[in-house]
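Please look over the following model before reading the notes. The points below are meant for someone who has not seen it before.

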Amino acid sequence: MESYSYLHLGEPEDPSEYVVCKYRVTTDLTMEKAAEAIAAEQSTGTWTGISTLDRDIFDSLGARVTGIEGDMITVEYPAEDFSIEVGSVPQILSVIAGNLFGLGALKGVRLEDVSFPKSITSQFKGPKFGADGLREILGRPEKPLVGTIVKPKIGLSPEKTAEYVYEAGSGGLTNSKDDETLVDQPFCPIDERTVAVAEALDTLEEEGHLMVHAINVSTRGDRIVELAEQVQEWGAKQIMVDVITCGFGAVQALAEDPSIKVPIHVHRTMHGAFTKDPLHGIAMLPITKLVRMCGGDALHIGTLGAGKMSAGAHDGGNLAACLGDDVPYKTVMPVCSGGVHPGIVSDITGRAGMNVQIQAGGGVAGHPDGVVGGAKAMSQAVDAAFLGIPAEEYAKDHEELAKALAMWGSK
Ligand code: CAP
Ligand code: MG
């Protein structure tokens, strides 16, 4: 039986015809053997030689191991290994992030990065609005967007939710959102919540506060577009999708559906199951690239080490993947969230710059002067960071910020 080698070290292929993946590998095998195991499993091979694989199939569809540097390997997949249907992330992930994670020969393997050829990126439309579109809706061309997450994450009635949103907007916030576990529970039916929040946003606008609130429409695949259309009719100005639990196809279906005319806030809950371990799973960077391809307008990328969630090694790379001009799509608003409070806002802008959305749940609702006080403190902290004034200095004549710094400190 003919044997086939997947090793093409030092022979990078034409990036216009290959999907290029970087994997971090931990193994007792030689790196060459481990790399070949991945390339074989994810393209034309399996655990043993097979009589049905011929040279033509191998040469046209076999993956190529083109680089091994330390614990990092480069595997290049021919574009023909991927569906030619209009943009299919599920099939892409089955190739680049499928069986390989379960290979017994590998102690650990982590997909660190991926790049796609034009023949694949051209199958996707990207965001409808993007970071600039969100800024246009909010009339906020330069400063970071500043938001909150309604807390407690579950339990408030539609009226109490709307009251929270009104107070947040009155305090100067530009964004609010449902939390990731709130969709359509009996204590807060999505229809009643959406209508009540829409009325609060209208009142805020009459009072000179432009704000959007993202209604979480995360639900089963055969219902999500219909639910999004319904919340839009009820007055929603933004929708939210938990992309890992709903799937990339859900974001894509909403983003590509012409009937959906509001921006999509993409939450990444569950990502920690595979992004947190530095030696096994999938880094956030490939997730960020896929969300932009599928059309998310805003995406959680963490706080680059400033907040409560552990920092991904690639958090900085995620900024570039959201805002870079190396792909044919509108940008994605990077959302910095998770344990955020006014005292760390300047730390976040120092790490991420100003083209971000910074949001706080506990860091607003936990303020001694309630939601309005917390909103004012967050808004003041963002103004201070934008003006380049130390928060402690700015707090001398902004009492809500002073109270937040006294409570939570500052970095
Ligand atoms: C933040 C949050 C977000 C996290 C998710 C929460 O609340 O609402 O879901 O930001 O993490 O439920 O934890 P707090 P990430 O502001 O009260 O922490 O943004 O890293 O995906
Ligand atoms: Mg949350």
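This is a predicted model: local features need pLDDT of at least 70, side-chain atom pairs count only at pLDDT 80 or more; totals for chains, interfaces and linings use all residues.

1. Residues are numbered from 1 along each chain as its sequence is written, ligands are numbered from 1 in the order in which they are written, and side-chain values use heavy atoms, without hydrogens and water.

2. The magnesium ion (ligand 2) has Asp179 (OD) and Glu180 (OE) as its protein donors, 1.9 Å away. Donors are N, O and S atoms within 2.8 Å of the metal (3.2 Å for Na, K and Ca); water is not among the atoms, so sites may look incomplete. Asp179 is buried at 3% relative accessibility, and Glu180 is buried at 14%. Buried means under 20% relative accessible area, exposed over 50%, partly exposed in between (1.4 Å probe, protein chains only).

3. Asp178 sits in the loop between strand S6 (175–177) and helix H7 (190–206). Helices (H or I, at least four residues) and strands (E, at least two) are DSSP runs, numbered from the N terminus. Asp178 is buried, at 1%. Its side chain makes a polar contact of 2.7 Å with that of His213; such a contact is a pair of N or O atoms within 3.5 Å, within protein one able to donate a hydrogen and the other to accept it, and residues adjacent in sequence count only if both atoms are side-chain atoms.

4. In helix H18 (residues 399–408), the buried residues are Glu400, Leu401, Ala404 and Leu405. Seen down the axis, they fall within an arc of 135 degrees, so they line one face of H18. Glu399 and Ala406, on the other side, are exposed. The arc is that of the directions from the helix axis to the C-beta atoms.
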